[in-house]
Amino acid sequence: MLIEVKDLAVHFRTDKGVIKAVDGVSFQIPHGKTLCLVGESGCGKSVTSMAILGLVDHPGEVVAGEIEFDGRNILECTEKEMRKVRGADISMIFQDAMTSLNPCFTVDFQIKEVLKLHQNLKKKALHAKAIEALEMVAIPSPEKRLKEYPFKMSGGMRQRVMIAVAMACQPKLLIADEPTTALDVTIQAQVLELMNQLKKDRNTSILFITHDLAVVSEMADHVAVMYTGRIVEKADCISLFRKPMHPYTEGLLRSLPSENKGRRKSKLHSIEGSVPSLSALPQGCTFWPRCPYAEEICKKEQPLLKECESGHFVACFKTEGVI
Amino acid sequence: MAEPLLTVRNLHKHYPIKKSLFQRPDVLKANNDVSFDVSEGEILSIVGESGCGKSTIAKMILKIEDQTGGVIKYEGKDIATLSRKELREYRKNVQIIFQDPYSSLNPRWKVGSIIGEPLLLNTDFSRKKIEKKVRDLMDKVGLLPEFYDRYPHQFSGGQRQRIGVARALALQPKLIVCDEPVSALDVSIQSQVLNLLIDLQSEFSFTYIFISHDIGVVEHISDRILVMYLGKTVETASVEQLMEDAYHPYTRALLDAVPEIDPERKKKRILLQGELPSAVKPPSGCLFRTRCLYAKEACKGISMEMKPVNGDQKHLCACPFAGEFK
């Protein structure tokens, strides 16, 4: 295993009380595999990734759990040690490339910055590495592009530059937070293929965060579905799509228009209500107010994540057979 | 055949881009010779990548912007020549639902006033009657009565979009333009709003112009699809026809790029190379030829005229060679 997250909990202290943004999340990612974290806005996907990078800011705090990366618990690392990890061993790409790249500096500066920080290279070698990084993400005429500023590029191109910056030091883990949400489908297809190619060539592990189930099915080896700060279902990609077991996952999949092929304009399946606010979570299973199968026990007790079939974990009383 | 509700012919919208005082400005052709019809009760979807001119069409239909050339006719009348009074009437009949439910609602107004504003401005209803109407509308779109006195920030994205829908319905329009109405919403909420739109349509038989980049949504909701590329239409057909028998290479690449939900059936796809060329300096001839797999010398000289495919007047395609490599 490259990374093992155990019972991670991140809480935010606010005026409204303690908000449990991430509440006991565990997962693992082997070398060269992709784990997709899926869920709706506010379910704690991004906070989880920030915790891995040690970037949770005040008023947030990692209150429990372990993150074992390459044999050591990085939650115990000092800030100085973490700086060596970020960008070199773990790096991240964000949703909006325009706001994550610095508009005041050229691409050249931004790629070399990360290389200078982590690798001791001579000027020529540095330049060669920067060019190589751009070539790797299939940017045409890299020499010319190096001297340009991010605003001169299109959205897809910027996203490639960001991937190039992230991959420059050949990290073991790449965290991608909604990397294609802002892109057109045609460009999205290009970027997804690029990431899959890099994964294959470099044996990089990817933690892919998205809300788009179709993208998940293209990218994932394993999938974890999150709801209100918890993982409700975890399985390998094929069994999750073939046989979703948690009512939330099932509802999400059935509500997609593409699942209703051949029945145009028919009523789409939808999950009633909306995601509860993290400051006012319902008692028991947090999904029960929206769940079609909810029973008395769901309103009182919280189901735990249990292995229902080999490798397929679900947190639901119904699949457990209690109701 | 009955007269279409809305007819668009040879629509052009050009934006001048100033370089300096003494130079002739460059021209960005946001829409370049776009023609289509919308019949009553029909759902027409306009799809394409960002920057292809989808939203510009919506703006011109609503007369937020005036076209540079071409005609938009509503019930047979050119909307550019409407008198003030007629224009008022027109605006009652044509409404829009915006993409972003956060920026399209006034944060300082209560829900009741937001939905009631069109009624206040366009009818001479008494305050009481307006309130009753608003409450009816809220019930229609699935908002609880106690929401009447709340502010937009107290709602989630899906509920805000319902407020936007209620506002658009207030004057009982005939044509509703939906500019990416669900793309800012979460998956589980998306289907709720889509269901609402479909329900309302079957109840009031609205005509929708549905602008979206999400092919899955478009396929589900529309009767007919219009595909655009760099300000030009490249193909139009009924949904069934387009999904099964897309003709233009761009349409096929676009459909191919949509990720498949089934992980066991990884599809072999034709990936589009490169990106959208600049609309200020578009390629000569066929606009798509710089990214087209089948591009050849002759493509530089064609005019992208929409011609019937196999003699079918309802299936038009802008590629004269599409039949050859199909």
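Two residues are in contact here if their C-beta atoms, placed from the backbone, lie within 7 Å. Keep that in mind as you explore this predicted model.

**Stop 1: two helices in chain B**

Start by selecting residues 157–169 of chain B, which form helix H5, and then residues 187–204 of chain B, which form helix H6. Their axes come within 9 Å and cross at roughly 15 degrees. Angles under 35 degrees count as roughly parallel, and H5(B) and H6(B) are therefore roughly parallel to each other.

Now show the side chains. Which residues of H5(B) meet H6(B)? On the H5(B) side, pick Gly157(B), Gly158(B), Gln161(B), Arg162(B), Val165(B) and Leu169(B). Facing them from H6(B) are Ile189(B), Gln192(B), Val193(B), Leu196(B) and Leu200(B). Colour this contact by residue type and you will find six nonpolar, four polar and one charged.

**Stop 2: a sheet in chain A**

Next, move to chain A, where four strands make an open sheet with antiparallel pairing, in the order E2-E1-E4-E5. Select E2 (17–29) and E5 (72–73) of chain A: these strands stand at the edges with a single partner strand each, so one side of each has no neighbour in the sheet.

Zoom in on Thr14(A) to see Gly17(A) of E2(A) opposite.

**Stop 3: a helix across the sheet**

Finally, select residues 45–52 of chain A, helix H1. H1(A) lies across E1, E2 and E4 (60–69) of chain A, and runs at about 70 degrees to E2(A).

Methods. Residues numbered from 1 in each chain as written. Chains lettered and ligands numbered in written order. Predicted model: local features only at pLDDT ≥ 70, side-chain atom pairs only at ≥ 80, totals over all residues. Axes fitted to C-alpha atoms, helices over the stretch in contact; angles between N-to-C directions. Parallel < 35°, antiparallel > 145°, perpendicular 65-115°, else oblique. Nonpolar A, V, L, I, M, F, W, Y, C, P; charged D, E, K, R; others polar. Pairing = 2+ DSSP bridges.
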